[in-house]
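This report describes the fold of a protein and then turns to one of its helices. Please consult the sequence and structure shown here while reading.

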Amino acid sequence: MARLNELRDNPGANKKKVRVGRGIGSGVGKTGGRGGKGQKGRSGVAINGFEGGQMPLHMRMPKRGFNVPNVKTYNTVRLDRIQAYIDSGKLDHKGVIDAAALVKAGVIRRARDGVRLVLGPRAFEAKKVTFNVTHASAGVVAAIEALGGKVDMPKAEETKADA
């Protein structure tokens, strides 16, 4: 058992602070490791990418592509996740499953621009489920229709008319 007079910090736990600018003998006296004069030797300098008036490298490089200003964000939902909510009773498979039903059940937080269905690692077993979603992969449509269900997706013309 350790005694109070034997308590010590672990080796290397405490490190002595370097006292900058305290004479030539300290090794960091006079300019304090900042070199001699100039902008970087002074306080409050933040010059990321600045090249002394020369055109910076990131501005000289060629640019490609563009940022889409009106990009749509979809909620991607896996079928096995919907299956889990149906099994737990939080989601009613007899009605139409759309964005509002998924939000109400807690599958997604908010509707955004629509719902995209994708296959999950486990099989989908709910019988005769009707989905009304923005997009569904071909595998999802095949899996749901094999069980007697239906997937309604708005046509491209309808979504353009909404925008």
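## Overall architecture

Read along the sequence, the protein follows the pattern α-β-α-β-α-β-β-β-α-β-α. Five helices and six strands are present; helices (H or I, at least four residues) and strands (E, at least two) are DSSP runs, numbered from the N terminus. The model is predicted: local features need pLDDT of at least 70, side-chain atom pairs count only at pLDDT 80 or more, and totals for chains, interfaces and linings use all residues. Residues are numbered from 1 along each chain as its sequence is written, and side-chain values use heavy atoms, with hydrogens and water left out.

## Extent and burial

The C-alpha atoms of the protein fill a box of roughly 85 × 65 × 25 Å, taken along the principal axes. Of the 163 residues, 20% are buried (under 20% relative accessible area, with exposed meaning over 50% and partly exposed in between; 1.4 Å probe, protein chains only).

## Helix α4

Helix α4 spans residues 138–146, and Val140, Val141 and Ile144 are buried in it. These residues cover an arc of only 100° around the axis, which puts them on the same side of α4; the arc is that of the directions from the helix axis to the C-beta atoms. The face turned away from the buried side of α4 carries the exposed residues Ala138 and Ala146.

The buried residues of α4 pack against α2 (79–88), β3 (115–118), β4 (130–132), β5 (135–136) and β6 (150–152), where contact means heavy atoms within 4.5 Å. Just after α4, Gly148 takes a positive phi of about 90°.
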